[in-house]
Amino acid sequence: MNSISRRIFVAALPLIAIGLASAARAQGNPPENDAGATLFQNVRIFDGKGASLSAPSNVLIKGNIIERISTEPIAAGPGATAIAGNGRTLMPGLIDAHWHAMLIRPNPAQAIDGDVGYNNIAAGLEATDTLMRGFTTVRDVGGPVFGLKAAIDGALIAGPRIYPSGAMITVTSGHGDFRRLSDLPRTIGGMLSRMERIGGSMVADSPDEVRVRVREQLMQGASQIKLTAGGGVSSPFSPIDVSTFTEPELRAAVEAAENWGTYVTVHAFTPTAIQRAIAAGVKCIEHGFLMDDATAKLMAEKDIWLSTQPLPEELRQGFPPGSVQRAKADEVWPGIARVYELAKKYKLKTAWGTDVLFSQALAQKQGAILASLVRWYSPAEALAMATGTNAELLALSGKRSPYPGKLGVVEQGALADLLLVDGNPLENIDLIADPAKNFKVIMKDGRIYKNAL
Ligand SMILES: [Zn+2]
């Protein structure tokens, strides 16, 4: 798309996007300084790892890279955009390690049975909002997200970097099998269900079927593979205590992913589901809410990632009282505090995410959900988790990373995904809960998507 047709496309978007914050739309599009330079002057840096801010510094961005950081003045050079930081905080763009870009705006029925074009437009608008909340990268752990990712990477629409899993892979009746009882029995080798045809989730009931579905996601550009190894809250036919895939089935997925240079992550709550996944070579556990002490210890010994979420109470209350899902949520929720306590006790490599599903309102609290980690962590620890630490998890994708380079840190040579925050989030982490007010500049890949100064 050339720049004129892009401008026309962009100009037409507000007609579609009535109701979207006009500031986000006006500022959410790739600007003209694509290959230019930006100089942040007089900023104090949170580098994505440490516990304190730097001395007042200057940071030069060239292209999409952080070229130079210095407490001495830096010459911007002709054509560079200079941004007077006035002592504000410069920090890495936020990363959500458990996101479903295609499953925020639609309700479950729309996500499965709705029009694919509509769902993609809704997801595009949500992606722009996600970036305007300061989330410059998401790890997408299930959903038909490859088209959205291509549209963002191709600058058709503003949004975060996406590490896609593609379809989540499940067993018959497992978490992610959203078929109805009337869809049964499946004809072996026969018709696929709607959710499979749109690439939302795939049902696989043998090692051979797992291999096919894993390789299909890799062929489409998956940067990691997601399986559901046990029951889940939101799916209709999976009790939370069950284990689903057998160890040989899990191992088939791990082999296919590792042959392709990447890894498998699994949705798992219970000790049995987690331990079986680890035995099969899985590198990352999503949620882990019902894990016990021995399982946490095993994860530490085997250097397994825990990708978990401080799920908000309103999500639990969103499940109708008396429903199967509500009963499951009531059982799972006490595990949230326990899993964080175990993660701290055993110093597990812990990634942070939100797992917002089917709620635009909740998605708007993405930063507030991150801030809620201060129940267990200092503000600096929470912010490091959502930047430097999450980026280490993303790096497990190796050469299958769609975005070669270093993410989640402010250091020379890293990719320029940056937020300029009005205030010090290490003293007041609630600043990140109101990004419209407090994030004055949002930069992704060296491009300024918002500049409110
Ligand atoms: Zn999820």
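What separates Arg 211 and Asp 208 in helix α7? The two residues are three apart in that helix, which spans residues 207–219, so about one helical turn lies between them. Arg 211 forms a salt bridge with Asp 208, and their closest N and O atoms are 2.8 Å apart. Asp 208 is exposed, with a relative accessible area of 53%, while Arg 211 is partly exposed at 22%. The model described here is a predicted one.

Side chains of opposite charge can pair when their charged atoms come close. The structure holds 25 salt bridges. One of them joins Arg 180 to Asp 113, with the closest N and O atoms 3.6 Å apart. Arg 180 lies in the loop between β9 (168–170) and α6 (194–197), and Asp 113 belongs to helix α3 (residues 108–113), so this pair ties together parts that are 67 residues apart in sequence. Asp 113 counts as partly exposed, at 42% relative accessibility.

Another salt bridge is formed by Arg 139 and Glu 286, whose closest N and O atoms are 2.5 Å apart. This pair links distant parts of the chain, 147 residues apart: Arg 139 sits in strand β7 (residues 135–140) and Glu 286 in strand β13 (residues 284–287). Both Arg 139 and Glu 286 are buried. Salt bridges can also join into a network, as they do for Arg 105, Glu 126, Asp 129 and Arg 133.

The next stop is the metal site. The zinc ion has three protein donors: His 98 through NE2, His 100 through NE2 and Asp 355 through OD. These donors lie 2.0 to 2.3 Å from the zinc ion. Along the chain they follow the spacing H-x1-H-x254-D. His 98 is buried, because its relative accessible area is 1% and buried means under 20%. His 100 is likewise buried, with a relative accessible area of 3%.

Strand β16 covers residues 418–421. Leu 418 and Leu 420 point one way from this strand, Leu 419 and Val 421 point the other way, and all of these residues are buried. Strand β16 pairs with strand β5 (residues 89–92) in the antiparallel sense, over four bridges. Within that pairing, Thr 89 has Val 421 in β16 as its bridge partner. Strand β16 also pairs with strand β17 (residues 439–444), again in the antiparallel sense and over four bridges. Here Leu 420 stands opposite Val 441 of β17.

The last stop is on the surface. Leu 181, Leu 184 and Phe 237 form a nonpolar patch there. Together these residues have about 270 Å² of accessible area. Phe 237 lies in the loop between β11 (225–228) and α8 (247–259). Its relative accessible area is 31%, so Phe 237 is partly exposed.

Conventions. Residues numbered from 1 in each chain as written. Predicted model: local features only at pLDDT ≥ 70, side-chain atom pairs only at ≥ 80, totals over all residues. Heavy atoms only, no water. Donors = N, O, S within 2.8 Å, 3.2 Å for Na, K, Ca; no water. Buried < 20%, exposed > 50% of the residue type's maximum accessible area, 1.4 Å probe, protein only. Patch = residues over 30% accessible without salt bridge, like charges linked within 9 Å, V, L, I, M, F, W, Y side chains within 5 Å. Areas by Shrake-Rupley, 256 points an atom, 1.4 Å probe, with all protein chains shown as cover. Salt bridge = Lys/Arg side-chain N within 4 Å of Asp/Glu carboxyl O. Pairing = 2+ DSSP bridges.
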